Amino acid sequence: MTKTLYEDVAGQIAQQIEDGVYSPGDRLPGVRKLSQQFGVSLATAVEACQLLEDRGIIRARPRSGFYVQEPDATPVEWQKPESTEDGPTLVTGQARVLELISHHSDPAILPLGTAVPDAELLPLTALDRCFGHARRVHKNRIASYDFPPGHESLRVQIARRMADAGCHISPDDVVITGGCQESLSLSLRAVASPGDVIAIESPTFYGILQAIESQGMRALELPTEPGGGIHPETLENAINRWPIQACVAMPNYGNPLGHLASNERKEATVKLLADHGIPLIEDDVYGELGFSGDRPWAAKAWDTDGGVLYCSSFSKTLGSGMRIGWAVPGRFRDQLTYLKYATNQAAPTLQTLALARFLDQGGYDRYLRRIRRIYQRQVNRVARGIQEHFPKGTRVSRPRGGFVLWVELPEHANTLNLQQEALAEGISIAPGPLFSSTERFQRYLRVNCGVADADRVDAAIARLGRLTRQRS
């Protein structure tokens, strides 16, 4: 049967969507623009869009246009976050993280357990040019220590970028570190001591738990909403009950939930903590990976007394091996700068100079525009695969940025057991207990969607689904 002209146009647009020219949530060009692009009449372009809408590939928004349909991969309702009536505790069970990361470099293991971007997705050629420039132009400089607070050229670039996050700071406010993990550890040491209580999101990134554990501090888990993080009322109740010395949170696309706190919630949280004299350590390592392209404001934007210690890095955007992060520690700048020097004296000079040039030349922004679309497509693809292959009752998070998914399995599932079975099949996953100080979340797991080989990931998700169904 011969295709009509509008069917042919619809097929070409659908192919563009499949190829990633347009990602879920993207707005298509207007029908007048489409008619020009495909050399057809306005009526034909309209019919093509209506056909794609009938097929569920795109959807119309009144007075706005046509948008690529986002998959309905998640039930609307989640169970309420688990209770934290146990109070502050020493962190346990983090030795399992070493087991998890030990498999990351094994080519036979698919790394769905570590939240690390695949090297194939990184701008390695452009970065290599910047490294070459640094070696040629700064060959004497790169042989020297880059003492704290770090080279001014990179601190200037970071200060400029942070304006997009609502933070108007000076380069002198920035301290270059060896990654966000070091920023978090130094921040904890700057504001708290062994035995102190640190309020955290629950679930939270296991690196935060390790930083607390290594300092001999106690973690107080606060229930965290998948849609918006910690509720200020929950935090206030905890402050009234426990002697909280500091709070650590990831309000922008937090790991592992992928949640994004509203501006109102961020502002209320910062004010509440400031009123009680409690510092906020903000981990914003995923802040520039929002699928919409709009950079959400950091909680630091509402800091009026220097009580927010902002931490971030390039590890989730330009590669974990870069080992360049930064802190904007507010009124704790002097303490953190000293602790940085006392810990390892300096930041990597070559990486610092190369990154400063990469940012200054605009390469970073070009890369971010591309990678956000890739991550959105991969997150949606993995979410669809989980919904297709995992047991009935499985729930999947709907992050608006980053590249990880938080998966809730049906009752009685145990992801610690699933982890061992998956390893036997050549698949690494991150079981839920890693994201709790007391090994909660036994039936949850986090999945890394930052793997380039989509077909291999699809097959792995199908195998994980079979393993999960066998235990249900």
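Before the first pair, here's what I'm calling a salt bridge: a side-chain nitrogen of Lys or Arg within 4 Å of a carboxyl oxygen of Asp or Glu. And keep in mind that this is a predicted model.

With that cut-off, glutamate 425 and arginine 463 make the list, as their side chains meet with N to O at 3.8 Å. Where do glutamate 425 and arginine 463 lie? The glutamate is in the loop between H15 and strand E14 (427–428), while the arginine belongs to helix H16, residues 454–471, so this pair ties together parts that are 38 residues apart in sequence. Both ends see some solvent: glutamate 425 is partly exposed with a relative accessible area of 38%, and arginine 463 is partly exposed too, at 23%.

Next up is arginine 395 with glutamate 408, a salt bridge whose closest N and O atoms are 3.9 Å apart. Here we're linking strand to strand: the arginine lies in E12 (residues 395–396) and the glutamate in E13 (residues 404–408), so parts 13 residues apart in sequence get tied together. Buried or exposed, what is glutamate 408? It's buried, with a relative accessible area of 2%. Arginine 395, on the other hand, is partly exposed at 21%.

How many salt bridges does a search of the whole structure find? The count is 18.

Okay, on to the threonine. Threonine 415 is in helix H15, which covers residues 415–424. This residue is buried, with a relative accessible area of 0%. What does the side chain of threonine 415 reach? It gets to the backbone nitrogen of glycine 432, at 3.4 Å. If you leave out residues up to four places away in sequence, the contacts of threonine 415 include Leu409, Ile429, Pro431 and Gly432, and also among them are Phe441, Arg443 and Tyr444.

That's my tour, happy to go back to any of these.

Conventions. Residues are numbered from 1 along each chain as its sequence is written. This is a predicted model: local features need pLDDT of at least 70, side-chain atom pairs count only at pLDDT 80 or more; totals for chains, interfaces and linings use all residues. Side-chain values use heavy atoms; hydrogens and water are left out. Helices (H or I, at least four residues) and strands (E, at least two) are DSSP runs, numbered from the N terminus. Buried means under 20% relative accessible area, exposed over 50%, partly exposed in between (1.4 Å probe, protein chains only). A polar contact is a pair of N or O atoms within 3.5 Å; within protein, one must be able to donate a hydrogen and the other to accept it, and residues adjacent in sequence count only if both atoms are side-chain atoms. Contact means heavy atoms within 4.5 Å.
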